[in-house]
Amino acid sequence: MTQDQLKQAVAQAAVDFILPKLDAKSVIGVGTGSTANCFIDALAKHKLEFDGAVASSEATAARLKGHGIPVYELNTVSDLEFYVDGADESDERLHLIKGGGAALTREKIVAAVARTFICIADGSKLVPVLGAFPLPVEVIPMARSHVARELVKLGGDPVYREGVLTDNGNVILDVHNMSITDPVKLEADINAIVGVVTNGLFAARPADLLLLGTAEGVKSLQR
Ligand code: 5RP
């Protein structure tokens, strides 16, 4: 199976998992990226079986609307049963690195509101220790150099993602060469740097269910 086929398989598995639990009032949180796009396309076939969605990025909102799925502002939604999103890496405790698509802050906000966070990924994303994928950090533009110096003190090697502005108007530093043995602590330490909006570690609020696309079929890991 190709990587795209694995993404489509986990996206369909996520739709199959949530569908029986949805009703006409359900609003679903939807992530960002190529795997999340597969989920949106699979979900669209059932758009009459739920109310609408909250999007974690402008790109996702546009794709949802393109399918005729109503998109709500998060502030207008009081209950979000599910958030479904991809990841750049996951460990076996479902701590994630996200933000390869620069949507990490809105993703983390929607994940915080949702009662169940379902992560969908192809099998290559499961790793024993996080950190081979450079850790994205969203930063207020005027703080970029200050934050980069502080990240070096934490042992990382930050690289400015040239030409990228987030949906919130901020910049991204990708931190290389971090061996992340304590993701909960590192997430908090980086977020404590003045000028950081948030970082791509989803460890304080990990996924609840990981659906992994493999050649042998979709595997599920639970916390
Ligand atoms: C975007 C993300 C994505 O979930 C992550 O980059 C994975 O993307 P893809 O599904 O394209 O591999 O965090 O900010």
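A residue counts as near a molecule if one of its heavy atoms lies within 4 Å of it. This is a predicted model, where local features need pLDDT of at least 70, side-chain atom pairs count only at pLDDT 80 or more, and totals for chains, interfaces and linings use all residues. Residues are numbered from 1 along each chain as its sequence is written, and side-chain values use heavy atoms, with hydrogens and water left out.

**Around the ligand**

- The ligand is surrounded by 17 residues, and the closest are S34, T35, D88, G99 and K125.
- That shell divides into three nonpolar, eight polar and six charged residues; here Ala, Val, Leu, Ile, Met, Phe, Trp, Tyr, Cys and Pro count as nonpolar, Asp, Glu, Lys and Arg as charged, and the others, Gly among them, as polar.

**Atoms facing the ligand**

- S34 places a polar side-chain atom 2.5 Å from an oxygen atom of the ligand.
- G99 has a backbone N or O atom 2.8 Å from a ligand oxygen atom, while for a backbone N or O atom of G86 the distance to an oxygen atom of the ligand is 3.3 Å.

**Cysteines**

- How many disulfides does a search of the whole structure find? It finds zero, a disulfide being a pair of cysteine sulfur atoms within 2.5 Å.

Methods. A polar contact is a pair of N or O atoms within 3.5 Å; within protein, one must be able to donate a hydrogen and the other to accept it, and residues adjacent in sequence count only if both atoms are side-chain atoms.
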